[in-house]
Every structure is written in C-alpha cells, then in structure tokens.
Amino acid sequence: MNVIKKYIWLLQKLQQYGELTQKDFDRLWQNSNLSYGKPLDSRNFHRWKDAAEDLFSVDIECVCSQGQYRYRIKRNSNDEVTNWLLHTMTVSNLLEEYKGQNDSIILEKVPSGESHLGTILDAIKYGKQLMVTYHNFHREEANPPALVNPLCVKLSDRRWYVLVDFAEKENYRRIMALDRIVHIELQPTSYTMPENFDAKTYFNDSYGITVMSDVPTETVVLKVPASAAPYLRALPFHPSQRETRKEGDFVFMEYRLKITDELAFALLRHAVRSEIVEPASLREKVKELARHIIDKHNNQ
C-alpha cells in the first residue's frame, strides 16, 4: 500500500472522531480494509503521526483525558490550501478503501484541465512565462498562441481557472478555464509578479470568477426563510456572508460583493426561497432575468 495513504487514514480518523487513543487507532485500523487484519503497533503509529505532521503541516497534540493519552489535531494548525489538500486526499483514500462498493457511490463529472495545473504552478513558482493556446466557447477556432504571465489559479464551480496578464498587451488581464486550454508550454523567459498583487484580495469581493475593477463593492442583503437558513450556514453563498438579524420566520444574510451578471445568475437559483432586499440594482437585475425566463417559456 502507498505509505501516504496510511498518513491520510490517520488524519481522517482524527477528523472523524476528534480524539483517539492508541488503542482506538489499533481497533479502527484492524477493522479497516487497509490493514488486512494486522495490528497497528506503537512504533508504526508514532512514525505515521510524525510523517503526517510533516507532510500536511498539521500539529497533532497529545492530551491526558480521563487518565488516558488521547491524540487530536490542534485547532488552526494548518492553512486553507493544506486543509483543502487533506480533504481531497481523505476522500480519495475513502473511495479507495470502499472501492468494492462502486454501485453505492455516485460522483459528479468534473471538466478536464488538471493536466495543465502542474505546468501553471511551476510557472508561478519559478516566475516563468507561458505560451498558451486558448479556445473559448464563443469562437469556432482557437485563439492564436499568446505569451502570458500567470498570477494565480482558482477552483470555482468544479472548474480550474488561471488568471493571467498578457505579456504583449499592456493592462490586459484575463481569466482562462484550464479545460479550454488547447496547448500550454513553459517558457525560459521570466516575469515579475505585479507589485502588491494578492490573489485573495483580488477576488475578495467578487462572486465566482468575474472581477470588475470599475464596479463598486456593495452590501447585498438576502431575506431567507428560517427553514432554509441552515443550508446557507453550512454552505455559505460567499466567504463574506454574515447573519445580521432574525425577524419572525426569516433570517437576514449580508454580503460584500460587486454586482455582476455572474452574481445575478447565481442568486437566481436561490430566488424561489430567498428575497434580495438590497441593493435595488441587483434586485432589478434578477427580476429582469426572471422576466426573460417567463417570457421565453410563455412563447413556446
């Protein structure tokens, strides 16, 4: 078995149960499909624990509780990327462990494009330019190859994107879906990351991948039925989400966002249960989309 899977298994059990003793780990290990019934001795346990900490940049602390030594992941011990990586690898490990139950596992198809991810991340890490041939959905043929400076990658709605500056066009910044890249090649030429560019700040007040620097950031307020609020608490519509107040059977959610078509389309999915209180411009934009849908279906 790939030894990394053992480290992931250990971390996944800590995430699942919170705190575990070495005896707990041994019992869970012997009951898993990964162990082939073999016990988990103390030496291997500590070796896996130390390796998992190093590999995933997490802190596993040992605390004495009820006369027993218990292990747990220290809160706030790893960053967002490490958390995402650990989550992804944990799911992969679980699917591997239960691959005999394929008929009971239903997955969503994700567009291809991950094959370009390594090349792009190498370019960002080493400050190298990329030659990219891109074919969007609005053209019959691919665009001519372009020399670009990659700034960051983003995962949005199950698709990977890369934000780039075109090297031969001044102030020309675009975002590209990796699955629409026909060809990509790392170049020997270097580029300098724009001064003060921060990826999280760049997308901070935008929904999805649409960033409009000339559009002001506004306060968006949604009025949500109390019965639907738990869904938004569990899966926030946007990282800026905060619950401001309750009125009767409704909860008010507030966001800081730029008003874009992508935001309006996303909110249209929530329109049956939620009401856009403000701003009026966004409320009107979603109403116009709804009118268009009604007119289109009435004419058929």
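Two strands are taken to pair if DSSP finds at least two bridges between them. In the present model, which is predicted, strand β5, spanning residues 159-166, is joined to β6 by 5 bridges, and the two run antiparallel. Within this region, Asp 165 is placed opposite Arg 173, a residue of β6.

The pairing of β5 with β6 belongs to an open sheet of 5 strands, whose order is β6-β5-β4-β3-β7 and whose pairing is antiparallel. The edges of the sheet are formed by β6 (173-177) and β7 (181-190), and because each of these has a single partner strand, one side of each is left without a neighbour in the sheet. On average, and with direction ignored, neighbouring strands of this sheet are turned by 40° against each other. Helix α5, comprising residues 117-126, packs on the sheet, where it touches β3 (128-134), β4 (146-156), β5 and β7, and the direction of the helix makes about 110° with that of β4.

Attention was also given to Leu 268, which is located in helix α8, a helix covering residues 261-268. When neighbours within four places in sequence are left aside, Leu 268 is found in contact with Val 286, Leu 289, Ala 290 and Ile 293. By contrast, Cys 62 lies 206 residues from Leu 268 in sequence, and the C-alpha atoms of Cys 62 and Leu 268 are 48 Å apart in space.

Terms used:
Residues are numbered from 1 along each chain as its sequence is written. This is a predicted model: local features need pLDDT of at least 70, side-chain atom pairs count only at pLDDT 80 or more; totals for chains, interfaces and linings use all residues. Side-chain values use heavy atoms; hydrogens and water are left out. Helices (H or I, at least four residues) and strands (E, at least two) are DSSP runs, numbered from the N terminus. Contact means heavy atoms within 4.5 Å. Axes are lines fitted to C-alpha atoms, for helices over the stretch in contact, and angles run from 0 to 180 degrees between N-to-C directions.
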